Amino acid sequence: MTTTLEPTESVTQPRGGGLARRQNFGTAVAGGVIFAFLGWLLARKLFYTGSDNFSDQVAVMTCVGWMIGFWIGIGAFNAPFKWLLGNDNSRDDDLYYAGHNQGRARYWKYTTDHKVVGVQYIIVTMGLLGVGGILAMAIRTELITPGTHFVNQQVYNSFIAIHGMVMILALIVAVAGPWGNFVMPIMIGARDMAFPRLNALSLWSLVSAATLLVGTLAVGGLPVGWVVLGTVADQAGVGMDFFAMAIVVFTVSTTVASVNLITTVISMRTKGMTLDRLPIFVWGTVVTAALALYAFPFFFIAEANQILDRTVSTSFYVATGGGTSWLQANLFWLMGHPEVYVILIPAVAALFEISTVMARKPLFSYRTAVGAMVSLAGLSAVVWAHHMFTSGWAPSLGGPFMVTTELISIPTGIFFLVLIGTLWRGSVWMRLPTVWMFGFIFNFLIGGVTGIYLSDVPLDEQLHGTMFVTAHFHYIFVGSVLFGAIAALAYWFPKVTGRYLNEFLGRISFWLVFIGIQITFGAMFLSGLKGMPRRDASYSLAFEHTNFISTIGAYIIMIGMLILFGAIVTSWRHGEPSGPNPWHANSLEWLVPTPVPLENFDVMPVVTEDPYHFDKEIVSS
Amino acid sequence: MATSEKKSLTGFFWAWGIITAVGVVLSIWLPQRYMPEAMSNDAHLTMTTMILFSICAAPVAAGVYAGALHILRNYRYRGEGVPPAAEQIREHTKLLVTWLTASAILTVFVLVWGLGALASENSNTSSNPLVVDVTGQQWIWSFSYPGSHVQSNELYLPENREVEFRVTSEDVTHGFWVVNMGVQVDANPGTITTIHTTPDKLGVFEVRCEQFCGLNHAFMDAVGYVVTPQKFTSWLAAQPQQS
Amino acid sequence: MSLDTAPPSEMHGGTPAHHEAPEVVDARQRLGLWLFIGADVVTVGALLFTYLYLRGVDTSGHWNSLLGYRGSLHSYEYWDNAANNGTLKNPTLIYPGWLSSGMQWLVSALTVVSAGVIWQAEKTLRATKNAKSFSSMAIFAMILALVGVVVSAVLLSDIPQVFVAANDSLTMSYTAYDSAMMAIVGSTLGHLVILAFLGLGLAIRSVRGAITGDRWFQARLVRIFWVWVAVSSIVSTLITTTITSVH
Amino acid sequence: MDRSKSLGVALASVLIGGGVLAVAGFALASSTPHQTALHCVESSTAAHTCNLQLSTFPDSLEGVHGKNGGPHPDWVTYSNDNIVVPANTTIDVTIDQYDTGGSLNNPFFDRVYGTIGGNYTVNGKTYSHWNANDVGHTFTLRGIPGNGKTLFVSVPLPYNHGSKFPVKIGVGVYPKPVVVQFSFKTGGKAVYEWNCEFPCGGSREGQGFGEAMSSFGYMSGTMTVE
């Protein structure tokens, strides 16, 4: 998906540096394909064709080949081997790899500049949301009528699994990726991330992992749901290996990105940027990174065990060999619930930041907001077993996990207080970000309240595994996190492109998506209440009307999102010029020129107060 | 120093009252209109819990929505260009404390009610419940009555007698869910999990699989009948004896 | 307008002439390393959680006491169907003691000794500023790590494949105990390979002058990670050698 | 960018985006089409009855899955997965069972359910129950409850112990089939799902419920009542 950017100046020929300077996305894909084919060939020679696991062994070797080839092709291994041999990059090399005056080509390279990585994350997120969107529409089209007319059950089951995982991937990186990379370093007064090369590695590992994840559709699909529960995943075909390998690489990429982000915020703040003066969005990214650092290794081990089970016949999740699928459920959900807060907190933090600027008022009780985010992250690590209330794993743990899960409603309650408190008695500037923020407030409340029903064990015994749960987390993911991500995009779009995101189209798309969500997931709540199980390709006549209404709502959301996508693409080059500080904000990213120079600041700024003093005249460079 | 004078809160309280009222009406009507017919003690408990929690949530939701509406009505900047700076309020400890205590009280109430319901659900095991062995196998539920060697794909239950389901699976994890009785537990291969409930209403009920179990998961349903104890014993006798 | 980054202001002669002091860079890299070690702690913790969880659950008693033939990883053909006409006639009960605690402690000892060698190398480099001796000690540490890799590989290939009683007579697989041990030993092997790479890097860089008496920060970074791997190896070996039998 | 130009952009993105979505959706959807429908043949002798001929094979060479067995030639399969039968008629089903078997892991399926008379004939002789350790497959048909009283038919297909003179069908060579016959009465217009409940598919731990048993079009299918 290339954005149409006109070159600004002639791209100077790379001076020397040999092959390493010519590596880009093209050589990465070429390397990936070649090594994947080599892996495929090697595996067919190496392994015994008669064993049950032969097709899985070949698939895993193919995936390993793709990964290594992609990393070699993009140039990820250049620096480690140059380190090994003792000849480090010269200052000129570092500048070249940071994308110094290379025009648009640097977006297709292993570029280390955090602003380039930020834009790359925007593109990857939109690509993933696109793929997830296609699958979502296919699912809803299938569910118009009770029978299985559009697709048969097996294809439908693959759709729900890949739709789930692709959308989770997209939303994990939707706010922390683009804005944690593009904007956060400038906000704290840093020249770049702590480990620039590591930043590029995280982005490109996500691209290669996402390719494998979407690739499962081409190798027989993954008809087991995104939770890939051990027992039913045994029956999955080769697609399961592609899925597991994609997750193994994705979790490493996210853990490493978390290390990078936390180190940047702790050690690279400019003089005077004390913790009290940090913009609230920076707090959000740090808390999220810490939570991700703790949670994702569990997912890595859960999927590594699954790969071993399928290729070497170990028995982690196989009852006959002494294993149990509850182990996989535990490892998965130990990551599963922290993951959904890794998705939520950056969106909320971005909205806090936007609310101050759009209300011309400081954030309401800044320390309570930070405290709420930190306690939410802490709590989220001890609630995972509410996903297993009805699994029969540990009925006696139902009580304790009900307690921890229901305590979550206190920090999330504080989010509402801070948001409404900030806007209260402010002069609220109804621009595009603010519109999406009010949509967030409406949806997040419904999502939050329905969460309380599911946290109550007796109620969960009626609602678990029904469309009620699906509607609950779509109100949070689509209704709250996606609205927060779009608000953040509309807010920081002028800093990335120097132009406003088209307000007129933005509002049209807001109303379409907002109304579409109420229809789609409102009706889904009713299907769930009536007792329609999740992941059903077909349903009994009792659920016909509510599903039909849901599908109509889904088509409305689709139209709204397409208009938003059109607005983004056209506004990137033809939007109304906005200047360096269109919202007259005080945080550092608005005080540097647009386009932002390579090292962000000519002279490192000295910060004297937090960015929420709107009553003083803003000195903008 | 620009100040935005305090607007009267009557509109806010009106909105709060109206939305709360609408919320309460919906929370009473919606569950009863849409939730499946409750045919066991657990299902009645689930229905009341659903209604109660919704009624508790109504004022909280109404408060936030009324607040948002109040902001949109009174504090929206309608001029051109950048709005003037508002009053730089940073803290309002009184509001924060009331908000924290209110949400804490609500959470404790929800917790106490939930733990109480959970305890009552687990405690009502009568001396000799009717034991039904439930076997989930890819895409058929089969029920066997151990006392009388009868196997059937339809679940007959006598009224007002506690039943204990001992649930297992032959292949993958299924989710044994008696829709109208408000109880469910997963059927795991290699282990037996139990749940129990007491049917208290005659009629037809549904059993559905709520844990994804492969190709025909959507079709893995069964039909159940709550019948009078006499009709149950005669049905049991009429069934072919399993070897 | 485009996304290009405008060249930094000419005031600095075209290239932003700012250099951070080495100490600042080192402090940042050490913080990053400690955070990465934090993630590694959770990873190793998850492996040990798997081991202890499977041992605790011990589904159908197959934690580590399955009947079967001793077979090695690569010998699928070992299972000679004709000789046993497809069924397991007289399985030799093998108590999978393949992984004696001695071998496990040997691997841990190798990680500890090599960590000591690197630590000593760093101390002498900082004291005597003699890069030559530092590089030879780094090479020695690397060799110890490689020996650890070989020992772990031998352990992995020695895991017995056992016949899991199922109606498909050809399914050979590993019990839960063997699976969990395979993951733990495999993880140690992976860490040792990284350590060997780092040791080789230190040796070459000190010879090429990238690491000298007064530029020794990277030696300390590698030493910290090396000591962490030694600690993690000791902890996991402690658990897997003391808590082995079924409860 | 003024209003009218923006509206043009909006329209363009909806049309182009919608087009791409539709094409991608239908491409994904058509990746595993139904096999051609097998219509029940109106019986010439008795009124309101209809004959249906099915068979179960030890491999997929018989042609339904494409030339020499399609992607998985070694998988067991039914001869068709898309049956169409008329409503409110008696369906006389004949199933030729060519595959070997073993013992059922769930004794529930060793009995005959839902057929007219509660029994079925195997090679001419009538039974209502079969030895649970001598079964090859089962034919188990049921609809979606919640749509009123629905059909439930389950019939164990005996283990084919082979025959002296093998039979040649298409590309494959099979033992003389065990012929199973039963009949049941269909209700109104509906779509039913049927599948095999014997662990005849391969799977990682030898449970027998994977591969053919968990893939569309091999050991399961739909029966559309028109």
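Two strands are taken to pair if DSSP finds at least two bridges between them. Helices (H or I, at least four residues) and strands (E, at least two) are DSSP runs, numbered from the N terminus. With that settled, I turn to chain B. In S10(B), B:Tyr225 is the bridge partner of B:Val204. Strand S9 (residues 203-209) and strand S10 (residues 221-227) of chain B pair in the antiparallel sense, over six bridges.

A word on conventions. This is a predicted model, in which local features need pLDDT of at least 70 and side-chain atom pairs count only at pLDDT 80 or more, while totals for chains, interfaces and linings use all residues. Residues are numbered from 1 along each chain as its sequence is written, and chains are lettered from A and ligands numbered from 1 in the order in which they are written. The model scores ipTM 0.91 and pTM 0.92.

To continue with chain B, five strands form an open sheet there, in the order S4-S10-S9-S6-S7, and the pairing is mixed. Its edge strands are S4 (155-158) and S7 (183-187) of chain B, each of which pairs on one side only. From one strand to the next, the twist averages 25 degrees. Axes here are lines fitted to C-alpha atoms, for helices over the stretch in contact, and angles run from 0 to 180 degrees between N-to-C directions. Helix H4 (residues 229-238) of chain B packs on the sheet and touches S4 and S10 of chain B; the direction of H4 makes about 140 degrees with that of S4(B). Contact between two residues requires that their C-beta atoms, placed from the backbone, lie within 7 Å.

Next, the contact between chains A and B. Chain A contributes 69 residues to it and chain B 74 residues. Several helices of chain A give two or more residues to the side that touches chain B, among them H6 (153-174), H13 (325-359) and H20 (503-530). Which helix gives the most to that side? H16(A) does, with eight residues.

Chain A itself is divided into domain 1 (23-87) and domain 2 (116-590); these bounds come from an automatic or database domain assignment. The centres of the two domains of chain A, taken over C-alpha atoms, are separated by 30 Å. Domain 1 of chain A brings 15 residues to the contact and domain 2 of chain A brings 14 residues. On the domain 1 side, helix H1 (25-46) and helix H2 (54-74) of chain A each supply at least two residues. The largest share of that side, 10 residues, comes from H2(A).

Finally, chain D. Its mean pLDDT (the predictor's confidence in each residue, from 0 to 100) is 86, and 95% of its residues reach 70 or more. The secondary structure of chain D comes to one helix and 15 strands. The radius of gyration of chain D, taken over C-alpha atoms, is 22 Å, well over the 17 Å that the globule rule (2.2 Å times the number of residues to the power 0.38) gives for 226 residues, so chain D is more spread out than a compact globule. Along the principal axes, the C-alpha atoms of chain D fill a box of roughly 85 × 40 × 35 Å.

Six strands of chain D form an open sheet with mixed pairing, in the order S1-S5-S15-S14-S9-S10. Strands S1 (38-39) and S10 (152-158) of chain D are its edges. Within this sheet, S9 (residues 135-142) and S14 (residues 190-195) of chain D run antiparallel and are joined by three bridges. D:Arg142 stands opposite D:Glu193 in S14(D).
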